[in-house]
Amino acid sequence: MVKSKENQIKERPYLKSRIEAEVNLMNIHERLRFLREKKLHLSARAFGSSINMSGSSITNMEKGTRNITERTIRDICREHHVNSDWLVNGHDPIFNDIVSELDLDIDDEIRHLTHQYSLLNDSDKKLVRQMVNSLSEKINSNP
């Protein structure tokens, strides 16, 4: 049985840097697909919809049969908080730190939790919100 890269990373964490290096060596079309599938967990249709494009247009860009325009790059980066330098050139980090851009006085733990939360898909975000609300109700009902 062939193990996925994710399972290999869990078993051997040193592979993470190797896989990150592979991602950085990808071309823009491959990085687009990696972003959509592995980081955002979106279908081509849902991803396209988020930037007012069709799913087939996204698929064609990922295959390299359609060019990725500057406007599309800007739309992707704006809607998904992606670092344009990563998308275009493969330079880390993948995502912009939107919390630090707001220039708020937030400690590192909250910043990290916010970033981790932003990477979750919608159903997982809903689950986290339900858990936080449940804990909050429990705390408030037992003063």
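**Entry 1: the model**
I'm working from a predicted model, so what I jot down here is computed from that.

**Entry 2: the second largest pocket**
I looked up the second largest pocket and noted about 450 Å³ of space in it. Its lining is made of 21 residues. Which of them are closest to the centre? I wrote down Leu40, His80, Ser118, Leu120 and Lys125.

Which one gives the most? That's α9, with three residues.

Then I sorted the lining by class. I got eight nonpolar residues, eight polar ones and five charged ones.

**Entry 3: the aromatic pair**
How many aromatic pairs does the count come to? Phe34 and Trp86 form it, with 6.4 Å from centre to centre. Their planes sit 50° from each other, and the pair goes down as tilted.

I also looked up where the two partners are in the chain. Phe34 is in helix α3 (residues 28–39), while Trp86 is in helix α7 (residues 84–89). They are 52 residues apart, so I noted that the pair links distant parts of the chain.

**Entry 4: buried or exposed?**
Are Phe34 and Trp86 buried or exposed? Phe34 has a relative accessible area of 16%, and because buried means under 20%, I put Phe34 down as buried. Trp86 comes out at 0% relative accessibility, so Trp86 counts as buried too.

Conventions:
Residues are numbered from 1 along each chain as its sequence is written. This is a predicted model: local features need pLDDT of at least 70, side-chain atom pairs count only at pLDDT 80 or more; totals for chains, interfaces and linings use all residues. Side-chain values use heavy atoms; hydrogens and water are left out. On a 1 Å grid over the protein atoms alone, a cavity is a set of points where a 1.4 Å probe fits but cannot get out, and a pocket is an open set with protein on both sides within 12 Å along at least five of seven lines; lining residues have an atom within 4 Å of a point. Grid points are joined across faces, edges and corners, and a volume is the space filled by probe spheres set on the points. Helices (H or I, at least four residues) and strands (E, at least two) are DSSP runs, numbered from the N terminus. Ala, Val, Leu, Ile, Met, Phe, Trp, Tyr, Cys and Pro count as nonpolar, Asp, Glu, Lys and Arg as charged, and the others, Gly among them, as polar. Rings of Phe, Tyr and Trp (its six-membered ring) pair if their centres lie within 6.5 Å; planes under 30 degrees apart count as stacked, over 60 as edge-to-face and the rest as tilted. Buried means under 20% relative accessible area, exposed over 50%, partly exposed in between (1.4 Å probe, protein chains only).
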